[in-house]
Amino acid sequence: MLKKTFRVPDMHCTACVMRLEGLEDDLPGVKRVKASYQKGQMEVEYDEKLLSEAQIAAAVKRLGYTLQSA
Ligand SMILES: [Cu+2]
């Protein structure tokens, strides 16, 4: 299990946070997502055997946001 913090500069309200934290249920391999639009960051705890960073970035992109390395 890995825990990584990413920058998501295009989050701007709690609705964005809710959408991104929804990945916790929608993306297999993700254990926990903690997002903060004030910080423009999201912390993802995930199983690196099931999921790559690129797959997380793609899922975030599908929601309309940009994932960057912190
Ligand atoms: Cu928003």
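Colleague: Which residues coordinate the copper ion?

Modeller: In this predicted model, the copper ion is coordinated by ND1 of His12 and by the SG atoms of Cys13 and Cys16, at 2.1 to 2.8 Å. Along the sequence, these donor residues follow the spacing H-C-x2-C.

Colleague: Why is His12 called exposed?

Modeller: The relative accessibility of His12 is 58%. Exposed means over 50%, so His12 counts as exposed.

Colleague: What makes Cys16 buried?

Modeller: Buried requires a value under 20%. Cys16 has a relative accessibility of 2%, and therefore counts as buried.

Colleague: Why is Cys13 called partly exposed?

Modeller: The relative accessible area of Cys13 is 29%. The label applies because this value lies between the limits of 20% for buried and 50% for exposed.

Colleague: Which residues of helix H1 are buried?

Modeller: In H1, which spans residues 14-21, the buried residues are Cys16, Val17 and Leu20.

Colleague: What covers the buried residues of H1?

Modeller: The cover includes helices H2 (23-26) and H3 (53-62), together with strands E2 (30-36) and E3 (41-46).

Colleague: How many disulfides does the structure hold?

Modeller: The structure holds zero disulfides; a disulfide would require a pair of cysteine sulfur atoms within 2.5 Å.

Notes
Residues are numbered from 1 along each chain as its sequence is written. This is a predicted model: local features need pLDDT of at least 70, side-chain atom pairs count only at pLDDT 80 or more; totals for chains, interfaces and linings use all residues. Side-chain values use heavy atoms; hydrogens and water are left out. Buried means under 20% relative accessible area, exposed over 50%, partly exposed in between (1.4 Å probe, protein chains only). Helices (H or I, at least four residues) and strands (E, at least two) are DSSP runs, numbered from the N terminus. Contact means heavy atoms within 4.5 Å. Donors are N, O and S atoms within 2.8 Å of the metal (3.2 Å for Na, K and Ca); water is not among the atoms, so sites may look incomplete.
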